[in-house]
Amino acid sequence: ESFDPDELVERVETVTTALNEGGPNTELLLGLDEVALFVGDSRHRYREFEETMEALQYGPNPVVVTTGQYSLPATRESLIGKPSEDHWTHQQVPLEGADTEIIVRKRWLQKDSVGSSRVSSLISSMPDLSLEAYSPVGSVDPDPVESYPFREYDLTLLRKVMQELITQGRATERDYIQGRALLVLVRSLFTKFGWADAEEGAVVTWDELFDLLVEETTYVPLWVQEMLENTLIPTFDGNEDAWEVRVSKALYLLNQTPAVPATPENLGRLMLDDVDASVDQRVEETQSALNTLVDKRKVLTETNDQGDEVYTLVSEEQESVLSRAQDKAAQISPHQLSAWIESRLRENDEFFRSDGSRHEVDIGEERLVPLRYEYSILDPVDRAPTPSYDALGVRILADDEDALSDQIETWQNVNDGREGGEHVLITVEIPDTLLERIRNVIGMGQVLDEETESHEELEREHRTDKRRLETS
């Protein structure tokens with residue numbers, strides 16, 4: 001049935017009058033859903049919508065709530081002109097991304113009192129699934145019962161994952177992931193992925209979230225899907241349900257959340273599939289899968305700036321480059337390593353000068369103090385140093401903790417009371433993990449220099465790794 005704005009006003013007035021006859025005062029609340037979909041790019045439809053709203057406003061003036069995917073003032077401006085500053089369209093309330101998680105829980109994960117009580121009993125035995133994170137990742141209004149069969153933080157992180165995939169990590173003020181996207185995914189979980197018949201106590205794992213995104217969105221890049229189909233799954237005898245394949249899917253999503261490091265402990269919790277399952281066992285299984293994937297050059301591992309060992313899924317194209325880079329890294333000589341470290345020391349602190357040279361340096365209130373520098377980087381100290389009488393001898397010793405302890409004692413024994421010996425010892429501890437990072441950076445740099453084709457992601461990652469290493 002169709003009717004114009006004046007006819008709608010007449011009907012509202014009739015209903016309001018009928019409701020208030022002989023009873024308490026009643027206000028009418030009208031809801032207009034999906035205004036943006038109705039309007040589209042039609043000026044005629046927008047004018048019809050605005051005329052209807054204004055007829056109600058200047059008539060019975062009921063409370064009207066409208067919903068839509070786009071800004072009302074922006075829609076009006078694009079179709080019939082910019083609204084005035086006091087125009088009623090400015091009364092819009094933008095829906096925050098975090099609010100949509102609550103909407104999803106209330107709509108698609110709704111439980112009656114009996115269901116809520118049963119779920120509360122189930123999750124009371126669930127182990128602690130808290131994640132190690134560098135910044136808060138929980139929901140603004142956490143409710144584990146409402147969130148089940150998701151963990152209470154899953155929808156928050158899923159929204160962040162989708163945001164990251166859409167923007168490719170670029171900073172943006174717009175929150176792209178609104179209620180509809182999350183609603184579609186959660187609905188699909190029950191209608192297409194069999195969760196309507198899932199066993200009590202089952203928990204959604206993150207490889208299933210990956211499959212949901214592939215099924216319902218275009219957010220997961222094609223190269224990731226092709227790498228899984230063409231390289232990863234064949235590696236495990238074509239078994240797409242292989243544990244390593246499932247872990248790889250979850251790892252890719254976790255790699256999109258910088259606030260949550262991709263550690264075995266975090267990934268294992270995201271792969272827990274039942275409230276009664278053992279976290280320790282699942283973490284152990286996840287660690288084993290990651291080790292296998294690293295050995296097969298499907299995943300990269302590194303120690304990040306926070307000291308966590310983290311893992312990253314690599315592409316099919318990157319696999320060849322990474323394999324050659326690791327071969328190059330294994331061939332880096334101790335001389336190359338020591339030269340690299342010495343150069344970084346001198347670049348980062350002007351006190352360090354070139355090896356074997358004499359310099360006059362201001363130290364505190366003393367001016368033009370003569371110093372002669374000698375370096376022992378990943379090498380033992382000289383047991384018979386050349387005597388020097390025209391400057392203070394400074395020895396820079398850089399090695400791992402155990403070697404430093406031995407070499408400090410050797411240096412002291414050699415120079416104690418020795419005429420023309422060295423006077424100052426500066427030690428720099430170089431952990432094995434740091435040496436490994438240096439080898440990897442040098443090896444990757446050599447391989448990328450030899451490449452005729454551009455590898456933007458690897459080059460960007462190499463620049464980042466090199467910058468972090470040089471400033472560490």
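Me: Which strands does helix H16 (residues 334-348) lie across, and at about what angle does H16 run to E6?

Reply: In this predicted model, local features need pLDDT of at least 70 and side-chain atom pairs count only at pLDDT 80 or more, while totals for chains, interfaces and linings use all residues. Residues are numbered from 1 along each chain as its sequence is written, and side-chain values use heavy atoms, with hydrogens and water left out. Helices (H or I, at least four residues) and strands (E, at least two) are DSSP runs numbered from the N terminus, contact means heavy atoms within 4.5 Å, and angles run from 0 to 180 degrees between the N-to-C directions of axes fitted to C-alpha atoms, for helices over the stretch in contact. Here H16 lies across E6, E7 and E8, running at about 160 degrees to E6.

Me: What is the strand order of the open sheet, and which are its edge strands?

Reply: Strands of a sheet pair through backbone hydrogen bonds, either parallel or antiparallel; two strands count as paired if DSSP finds at least two bridges between them. The four strands here follow the order E5-E6-E7-E8 with mixed pairing, and E5 (358-363) and E8 (422-429) are the edges, each pairing on one side only.

Me: How many bridges join strand E6 to strand E7?

Reply: Seven bridges join E6 (residues 366-377) to E7 (residues 392-399), and these two strands run parallel. Helix H17 (residues 401-415) packs on the sheet, touching E7 and E8, with its direction at about 180 degrees to that of E8.
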